[in-house]
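This report describes one protein chain for a reader who has not seen it before. The sequence and structure come first, and the description follows.

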Amino acid sequence: MKINKKTTVVTGLALAVVLILSFLLAGPAVRSTPEQANRKGNRQPAPVEVAPIERGPIELRRVFNGTLEPQAEFIVAPKVAGRIESLTVNLADTVKRGQIVGRLDSEEYVQSVAQARADLEVARANRVEAENSLFIATRELERIQTLRQRGVASDSQLDTVQANKIARESGLEVARAQVVRAESTLEAARIRLGYTNITAGWSGGGNERVVAERFVDEGETVSANAPLLRIVELDPIVAVVFVTERDYAKLQAGQTATLTTDAFPGESFQGKIERVAPVFREATRQARVELVISNDQQRLKPGMFVRATIVMDRQNDAVIIPDRALTRRDDRTGVFLVAEDNKSVHWHQVTVGIQDGDRVQVVGNDLAGRVVTLGQQMLDDGSAITIPVDTPKSDSPGE
């Protein structure tokens with residue numbers, strides 16, 4: 001039988017195509033990953049990294065950004081209008097309670113005192129005159145009453161004298177009232193004259209404060225209650241931070257805090273929560289929290305930006321693992337616990353508690369030993385593992 005050459009070539013090509021397809025189909029099974037092989041029942045040990053489970057204290061900390069504000073401030077303002085004659089303090093000067101910090105031109109107020117004093121003298125003279133008039137009217141009444149008893153004076157004369165005495169008594173009361181009014185006017189003029197000496201008379205707090213701002217210069221004319229100086233108290237100083245609803249319930253007065261500022265890198269300052277606002281700001285949904293910091297050297301200044309670290313919760317005897325050990329399986333959180341033979345792992349569901357950096361507390365489980373921190377994606381409950389020889393095997397508490 002004679003073989004056709006064309007038929008032979010076609011048959012060879014068909015065999016080549018079949019061999020190529022067979023190789024491609026078989027390729028994935030040959031190149032299976034360790035994870036796939038483990039899941040198919042080959043049970044090849046998966047290389048993992050582990051870490052010991054610790055027991056000890058752990059703290060829940062939050063860092064809040066805030067601004068320093070003075071503990072108290074006092075605006076120095078004159079109680080009367082006038083031209084500023086002098087200011088005895090300037091920016092950053094220390095001021096004592098009750099100290100005179102400025103003076104107004106007092107000539108007008110000196111004249112007011114002199115005029116009030118003169119008016120008082122006139123009122124007193126009028127009172128003396130009224131007293132003398134009453135004395136004369138009283139004597140006249142007594143004389144007419146004597147004559148009436150003798151039948152010499154008439155009833156109409158007696159009535160006239162009695163009316164005169166009553167009028168003199170009323171005049172004396174008016175004169176006395178005028179003296180009181182004149183004394184009050186003089187005292188008011190003296191007080192206004194005293195107001196030309198401008199004092200820093202704040203109440204409460206310490207006896208010394210610092211000039212934070214100066215609003216006017218000497219020679220300017222100011223009205224009553226116009227601000228001249230802003231005086232603040234720097235020791236202690238207040239840090240103001242704002243917190244969200246998530247952290248609000250964990251804060252209360254008396255909690256301690258550690259504060260840092262860019263002005264003094266590497267240094268920290270201790271403070272405590274003084275007040276927690278009972279309301280939230282509607283615009284930001286945050287509440288104001290005030291912390292008090294000792295500032296005896298006055299290094300911290302109002303307006304500085306600060307970071308406040310507050311310990312919001314603490315557990316003295318907690319089960320602690322690295323946060324890298326937490327794994328999700330079927331919408332549950334857990335860890336792979338290394339078996340005693342160090343050759344397999346077991347899945348344990350855990351409840352997460354306090355997290356501090358890369359350390360996390362797990363509650364509700366008495367865990368001990370070591371947990372897998374790297375390679376969990378290749379593991380299931382009971383999977384075989386291999387641990388590098390340089391990984392620590394100790395499972396003693398606190399190690």
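Is Arg55 buried, partly exposed or exposed? Arg55 is partly exposed, because its relative accessible area is 37%; buried means under 20% relative accessible area, exposed over 50%, and partly exposed in between, with a 1.4 Å probe and protein chains only.

## Basis of the description

The model is predicted, so local features need pLDDT of at least 70 and side-chain atom pairs count only at pLDDT 80 or more, while totals for chains, interfaces and linings use all residues. Residues are numbered from 1 along each chain as its sequence is written, and side-chain values use heavy atoms, with hydrogens and water left out.

Helices (H or I, at least four residues) and strands (E, at least two) are DSSP runs, numbered from the N terminus.

## Salt bridges

A salt bridge is a side-chain nitrogen of Lys or Arg within 4 Å of a carboxyl oxygen of Asp or Glu. By this rule there are 22 salt bridges. In one of them, the side chain of Arg55 meets that of Asp317, at 3.4 Å from N to O. This pair links distant parts of the chain, with Arg55 in strand E3 and Asp317 in strand E14, 262 residues apart. Asp317 is exposed, with a relative accessible area of 53%.

Arg61 and Glu59 also form a salt bridge, at 2.7 Å from N to O. Arg61 is partly exposed at 43% relative accessible area, while Glu59 counts as buried at 15%. In helix H4 (residues 155-194), Lys165 and Glu169 are four residues apart, so about one helical turn separates them. Their closest N and O atoms are 2.5 Å apart in a salt bridge. Lys165 is buried, with a relative accessible area of 18%, and Glu169 is partly exposed at 31%. Salt bridges that share partners also join Glu69, Arg275, Arg288 and Glu290 into one network.

Two strands pair if DSSP finds at least two bridges between them. Four strands form an open sheet in the order E7-E6-E4-E9, with antiparallel pairing. Strand E7 (197-200) and strand E9 (221-222) stand at the edges with a single partner strand each, so one side of each has no neighbour in the sheet.

Strand E4 (residues 82-87) and strand E6 (residues 99-104) run antiparallel and are joined by three bridges. Across this pairing, Leu87 has Gly102 of E6 as its bridge partner, and Ile84 stands opposite Leu104 in E6. E6 also pairs with E7 in the antiparallel sense, over four bridges; here the partner of Arg103 in E7 is Asn197.

## Around Val80

Val80 lies in the loop between strand E3 (54-76) and E4. Val80 is buried, with a relative accessible area of 7%. Leaving aside neighbours within four places in sequence, Val80 is in contact (heavy atoms within 4.5 Å) with Leu104, Tyr109, Arg192, Tyr195, Thr196, Ser223 and Ala224. Val80 and Gly194 are 114 residues apart in sequence, and their C-alpha atoms are 9.8 Å apart in space.

Four bridges join E11 to strand E12 (residues 269-276), and the two run antiparallel. In E12, Gln270 is the bridge partner of Thr258. E11 also pairs in the antiparallel sense with strand E14 (residues 305-322), over five bridges, and Thr261 stands opposite Val306 in E14.

## Nonpolar cores

A nonpolar core is a set of buried Ala, Val, Leu, Ile, Met, Phe, Trp, Tyr and Cys residues joined through side-chain atoms within 4.5 Å. The largest core has 27 residues, of which Leu68, Leu291, Ile293, Leu300 and Ile310 touch the most other members. Two or more residues come from each of E3, strand E10 (229-243), E11, E12, strand E13 (287-293) and E14. E14 gives the most to this core, with six residues. Apart from this core lies another, of 19 residues, among them Val89, Ala200, Trp202 and Val211.

Which residues does Ile293 touch, not counting those up to four places away in sequence? They are Leu68, Pro236, Ile237, Val238, Ala239, Leu259, Phe269, Gln270, Gly271 and Leu300.
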